[in-house]
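Work through these exercises with the model open. Try each task before reading its solution.

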Amino acid sequence: MKLLEIHDLKTHFFTDAGILPSVDGISFEINQGEILGVVGESGCGKSVTAMSILRIIPEPPGRIVAGRILFDGHDLVSMPIEALRKIRGRDIAMIFQEPMTSLNPVYTVGEQLREVLSLHLGLDDDAARARIVEMFSLVGISEPAMRVDAYPHQMSGGMKQRVMIAMALCCSPRLLIADEPTTALDVTVQAQILNLLVKLRDERGLGVMLITHDLGVVAETCDRVVVMYAGRVVETACVQDLFAHPSHPYTVGLLQSLPDAAKPGSRLQTIPGNVPSPLNFPTGCRFRDRCSRASSACSLEPPLHVVGDGHEVRCHHPYQGGEHEHAIA
Amino acid sequence: MNTPLLDVQDLKKYFPVRSGLLRRVVGHVHAVDEISLQIMPGETLALVGESGCGKTTAARTMVRLLDADGGRILFRGQDITHLEGDALRRMRRHMQVVFQDPYASLNPRRTVGEIIGAPMVLHGLATASDVNDKMRDLLVQVGLQPDYLSRYPHEFSGGQRQRIGIARALALEPELVMCDEAVSALDVSVQAQIINLLADLQAGRSMSYLFVAHNLSVVRHVAHRVAVMYLGRLVEVAPTAELFEDPRHPYTQALLAAMPKAHPVRPRRSFVRLGGEVPSPVSPPSGCHLHPRCPVAEARCKTLIPALVAVNSCHIVRCVKELPRTA
Ligand SMILES: Nc1ncnc2c1ncn2[C@@H]1O[C@H](COP(=O)(O)OP(=O)(O)OP(=O)(O)O)[C@@H](O)[C@H]1O
Ligand SMILES: Nc1ncnc2c1ncn2[C@@H]1O[C@H](COP(=O)(O)OP(=O)(O)OP(=O)(O)O)[C@@H](O)[C@H]1O
Ligand code: SF4
Ligand SMILES: [Mg+2]
Ligand SMILES: [Mg+2]
């Protein structure tokens with residue numbers, strides 16, 4: 001069942017320098033019981049997409065200028081903000097990319113979770129405390145009963161991140177938007193958190209939008225993947241297809257840049273050039289200045305090709321079939 | 001053998017833990033517990049370990065952003081443990097930090113140009129007339145557009161901010177850069193670009209790096225040596241290839257086993273985990289801190305704090321299994 005459907009979302013920033021089309025016509029969906037990975041170049045609009053879903057884009061300068069975001073069939077974009085507030089934090093929870101800045105430094109972490117629990121579930125102090133301690137141990141915080149009274153600055157980066165994860169999961173949401181939830185965590189704690197998400201997906205049908213740069217995490221936890229570039233979705237595929245038959249030249253470049261693919265100490269492969277500034281995205285395919293397969297056709301909007309079951313790519317010259325032999329050692 | 005660029009001896013850093021209404025001190029976190037490390041000119045040393053084990057605290061104490069509670073820090077042979085005032089400021093130029101939390105470390109009221117340019121002018125590395133050109137070059141080197149100079153930190157994505165932090169650190173042409181999760185918020189192609197840039201600077205200017213990172217594929221690629229920490233203590237130090245091929249400490253072994261691989265072959269593999277609870281750094285387990293979770297622990301691990309033992313001249317490990325057997 002479809003939990004979230006995004007149709008042609010556009011979120012732009014109106015700055016002194018000009019209009020930044022940071023998210024420019026994005027569509028994808030997340031099913032119940034599915035972990036959708038979202039990957040893409042830094043600055044391509046992943047966090048802006050996530051913040052658009054909850055309508056927490058700083059306005060001005062930002063604004064959702066077009067599109068629909070259906071949650072359970074209800075459009076979040078046009079919904080009155082009071083109705084959306086009831087959904088936020090309860091049905092849809094978010095883990096922010098920079099946990100350090102989303103915790104309030106003057107309250108203990110316990111006070112911050114208690115507020116969420118009393119707001120959405122109406123728990124009293126004792127019940128809330130018990131729930132917090134339970135959540136803290138679920139996300140692997142040691143001495144949870146003691147950590148409840150700690151201030152954010154007394155915790156390491158990874159501990160704050162786990163507090164944020166506990167806060168997001170404490171009201172048993174149906175959709176979790178997780179923006180780089182495990183980057184500040186070592187691999188053993190990361191494995192623990194990812195196991196928890198997989199378990200909630202399988203047992204409770206949790207839907208997850210997992211934004212991450214770590215393709216290892218994608219390979220191991222995601223069901224499907226959306227690849228973004230410069231404010232657009234360029235490829236969508238199930239996780240096996242994405243790694244076995246990457247089709248968009250950007251996706252291929254991304255997989256080739258992995259350090260796993262190179263000899264230690266050697267130069268890493270990169271994609272030539274830099275991400276274009278949103279102030280002057282090229283016309284047509286926004287990747288064309290950096291693409292080895294580009295032709296004159298690429299200055300026109302690339303068409304959407306279906307290259308496999310549920311595997312779509314937006315490109316004039318996608319890699320197809322066994323054309324691209326991708327070998328990661 | 002030449003002198004290390006940075007020589008840290010028995011470094012200690014404790015934090016008080018307060019609790020209750022009166023916020024009385026009820027204990028101490030031994031965030032850094034007698035750590036000794038050397039970084040040679042032109043070397044990249046990686047520092048890895050469980051979240052909360054003290055990596056950031058160790059790095060910050062080494063560059064004097066935090067005061068040590070014990071031990072000595074030598075930079076180019078000079079004791080800087082208690083350096084203050086102007087002397088400290090002059091020395092700082094040579095030891096730059098890329099912070100784990102880019103947003104909190106960038107002044108929100110300053111433009112990118114002011115953030116990067118002001119220290120360059122202050123330290124005489126640029127003049128009012130050429131600072132703009134130098135900053136534009138730097139931005140391009142870290143993969144950002146030069147027209148970003150007039151924008152403010154909040155206008156950027158997480159990875160863009162991280163690169164602003166990198167540009168700021170590199171602007172002062174330091175000899176040592178502490179990279180605390182410096183590339184973790186970057187997608188792999190930009191990450192590759194930054195890693196290549198750091199390698200070029202190392203080759204050209206013999207720069208040294210202390211590289212704190214959770215991503216072991218990246219560590220394996222960039223580091224010459226790796227130091228592994230567990231609950232404030234070093235448990236293993238070895239050349240990178242040797243550590244990945246022949247990890248001796250059970251914690252290092254668990255860490256390597258949990259490393260996610262970009263192999264879609266078996267995406268449903270269940271993760272290897274260390275058993276047991278993550279212990280509290282306030283009252284860490286006795287003996288070897290790992291013993292309650294260690295798959296090969298024996299009785300004496302509960303009581304004996306194993307010393308660091310040399311496996312060979314460049315590989316040390318702290319585990320009872322490696323202690324010489326006495327008759
Ligand atoms: N408040 C803002 N004002 C102006 N521009 C903004 C603002 N917030 C984001 N942007 C711009 O929107 C674009 C997309 O940013 P976003 O944070 O979504 O990137 P991202 O894909 O999450 O990148 P990363 O992987 O680095 O986190 C960027 O070019 C950024 O500069
Ligand atoms: N200012 C502080 N006051 C009290 N405790 C602190 C303070 N700063 C850090 N700590 C504690 O010191 C320990 C080490 O923290 P540190 O930030 O160095 O860990 P880390 O290894 O960098 O972790 P991560 O990988 O999560 O960033 C943690 O237990 C943390 O809670
Ligand atoms: S449309 Fe053209 S430029 Fe764009 S990715 Fe495809 S081949 Fe490359
Ligand atoms: Mg982001
Ligand atoms: Mg840290």
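**Exercise 1.** How do the residues of the shell around ligand 2 divide into nonpolar, polar and charged? Keep in mind that this is a predicted model.

*Solution.* 
Step 1. Collect the shell. There are 22 residues around ligand 2. The nearest are Gln154(A), Gly158(A), Ser51(B), Thr56(B) and Thr57(B).
Step 2. Sort the shell by class. Eight residues are nonpolar, 12 are polar and two are charged.
Step 3. Ligand 2 lies between chains A and B.
Step 4. Find the elements that each supply at least two residues of this shell. They are helix 7 (157–169) of chain A, plus strand 2 (24–39) and helix 1 (55–62) of chain B.

**Exercise 2.** Where does ligand 1 lie, and what surrounds it?

*Solution.* 
Step 1. Locate the ligand. Ligand 1 is between chains A and B, in the second largest pocket.
Step 2. List the neighbours. The shell of ligand 1 has 23 residues, with Ser42(A), Gly43(A), Glu155(B), Ser157(B) and Gly159(B) the closest.
Step 3. Sort them. Eight are nonpolar, 12 polar and three charged.
Step 4. Chain A brings strand 2 (18–31) and helix 1 (46–53), and chain B brings helix 5 (158–171); each gives at least two residues to the shell of ligand 1.
Step 5. Read the backbone distances to ligand 1 oxygen atoms. A backbone N or O atom of Gly45(A) is at 3.0 Å. A polar backbone atom of Lys46(A) is at 2.8 Å. For Gly159(B), a backbone N or O atom is at 2.6 Å.
Step 6. Check the cover. Ligand 1 alone exposes 640 Å², of which the protein buries 96%.

**Exercise 3.** How many cavities of 30 Å³ or more does the structure hold, and what lines the largest?

*Solution.* 
Step 1. Count. The structure holds 14 such cavities.
Step 2. Size the largest cavity. It holds about 360 Å³ of space.
Step 3. Find its lining. There are 35 lining residues; closest to the centre are Asp214(A), Gln191(B), Asn215(B), Leu216(B) and Val218(B).
Step 4. Sort the lining. It has 18 nonpolar, 11 polar and six charged residues.
Step 5. Name the elements that each supply at least two lining residues. Chain A has helix 8 (187–204) and helix 9 (215–221). Chain B has helix 6 (188–205), strand 8 (208–212) and helix 7 (216–222).

**Exercise 4.** Which residues surround ligand 3?

*Solution.* 
Step 1. Walk along chain A. Among the residues around ligand 3 are Cys285(A), Cys291(A), Cys298(A) and Cys315(A). The shell also includes His248(A), His316(A) and His317(A).
Step 2. Sort the shell of ligand 3. Seven residues are nonpolar, three polar and two charged.

Definitions and conventions. Residues numbered from 1 in each chain as written. Chains lettered and ligands numbered in written order. Predicted model: local features only at pLDDT ≥ 70, side-chain atom pairs only at ≥ 80, totals over all residues. Heavy atoms only, no water. Near = heavy atom within 4 Å. Polar contact = N/O pair within 3.5 Å; in protein donor to acceptor, adjacent residues only side chain to side chain. Areas by Shrake-Rupley, 256 points an atom, 1.4 Å probe, with all protein chains shown as cover. 1 Å grid on protein atoms, 1.4 Å probe; cavity = no way out; pocket = protein on both sides within 12 Å on 5 of 7 lines; lining within 4 Å. Sits in = over half its atoms within 2 Å of the grid points. Helix = DSSP H or I, 4+ residues; strand = E, 2+ residues; numbered from the N terminus. Nonpolar A, V, L, I, M, F, W, Y, C, P; charged D, E, K, R; others polar. Points joined across faces, edges and corners; volume = space filled by probe spheres on them.
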